[in-house]
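Please follow the chain through its side-chain contacts, its sheet and its surface. The structure is shown below.

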Amino acid sequence: MSEKQQMKAVLLTGFGGFDKLEYREDVAVPQPAKGEVLIKVGACAINNTDLWTREGAYGGSVSEDSQSGWRGGKFQFPRIQGADTVGTIVELGTEVPESRLQERVIVNPTLYAGSGEEDLHLADLIGSERDGGFAEYVAVPAENAMP
């Protein structure tokens, strides 16, 4: 897939209501990095993390200064949300076995920072700290794409 290809996606442009979601048809298709896969999204559900991230509710306050995504801290816009994603692997980053190509997968949205679930407070989430599945394509670590 060429770096210059574009896709349809819904971008979160700021914290707030539905008015902060913007449908676009000119978003660059992500390129899988080393150890990542590119997934053609088949479906992506909406869960509470998508809603709370859009609202900035993880900051614990209604003030703009304290609004955040899952991890807290400064949030980067625009962001493609969508944690609960399924689809088909269509491109491989380096060091990903060729056998994964065309594999149907479900995405584990949790990007652990340490040794696993005991470090959940340090984890990033796909669709919050990293672009997610409210698009035609999403790039994720190969280990998060489960057959």
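Arg 54 lies over the face of Phe 18, at 4.7 Å from the ring centre. This is a predicted model, and the positions described here are computed from it.

Phe 15 and Phe 77 form the pair in an edge-to-face arrangement, with 4.9 Å centre to centre and 80° between the planes. The pair links distant parts of the chain, 62 residues apart. Phe 15 belongs to the loop between strand 1 and strand 2, and Phe 77 to the loop between helix 1 and strand 4. Phe 15 is buried, because its relative accessible area is 10% and buried means under 20%. Phe 77, with a relative accessible area of 32%, is partly exposed.

Next comes the sheet. Strands of a sheet pair through backbone hydrogen bonds, either parallel or antiparallel. Here three strands form an open sheet in the order 2-1-4, and the pairing is antiparallel. Strand 2 (21-28) and strand 4 (79-80) stand at the edges with a single partner strand each, so one side of each has no neighbour in the sheet. Strand 1 (residues 6-12) is joined to strand 2 by six bridges, and the two run antiparallel. Ala 9 stands opposite Arg 24 in strand 2.

The last stop is the surface. Ile 46, Leu 51 and Trp 52 make a nonpolar surface patch of about 310 Å². Ile 46 is found in the loop between strand 3 (36-45) and helix 1 (48-55). Ile 46 counts as exposed because its relative accessible area is 62%, and exposed means over 50%.

Methods: Residues numbered from 1 in each chain as written. Predicted model: local features only at pLDDT ≥ 70, side-chain atom pairs only at ≥ 80, totals over all residues. Heavy atoms only, no water. Patch = residues over 30% accessible without salt bridge, like charges linked within 9 Å, V, L, I, M, F, W, Y side chains within 5 Å. Areas by Shrake-Rupley, 256 points an atom, 1.4 Å probe, with all protein chains shown as cover. Salt bridge = Lys/Arg side-chain N within 4 Å of Asp/Glu carboxyl O. Helix = DSSP H or I, 4+ residues; strand = E, 2+ residues; numbered from the N terminus. Buried < 20%, exposed > 50% of the residue type's maximum accessible area, 1.4 Å probe, protein only. Pairing = 2+ DSSP bridges. Phe/Tyr/Trp six-rings, centres within 6.5 Å; stacked < 30°, edge-to-face > 60°. Lys NZ or Arg CZ within 6 Å of the ring centre and 35° of its normal.
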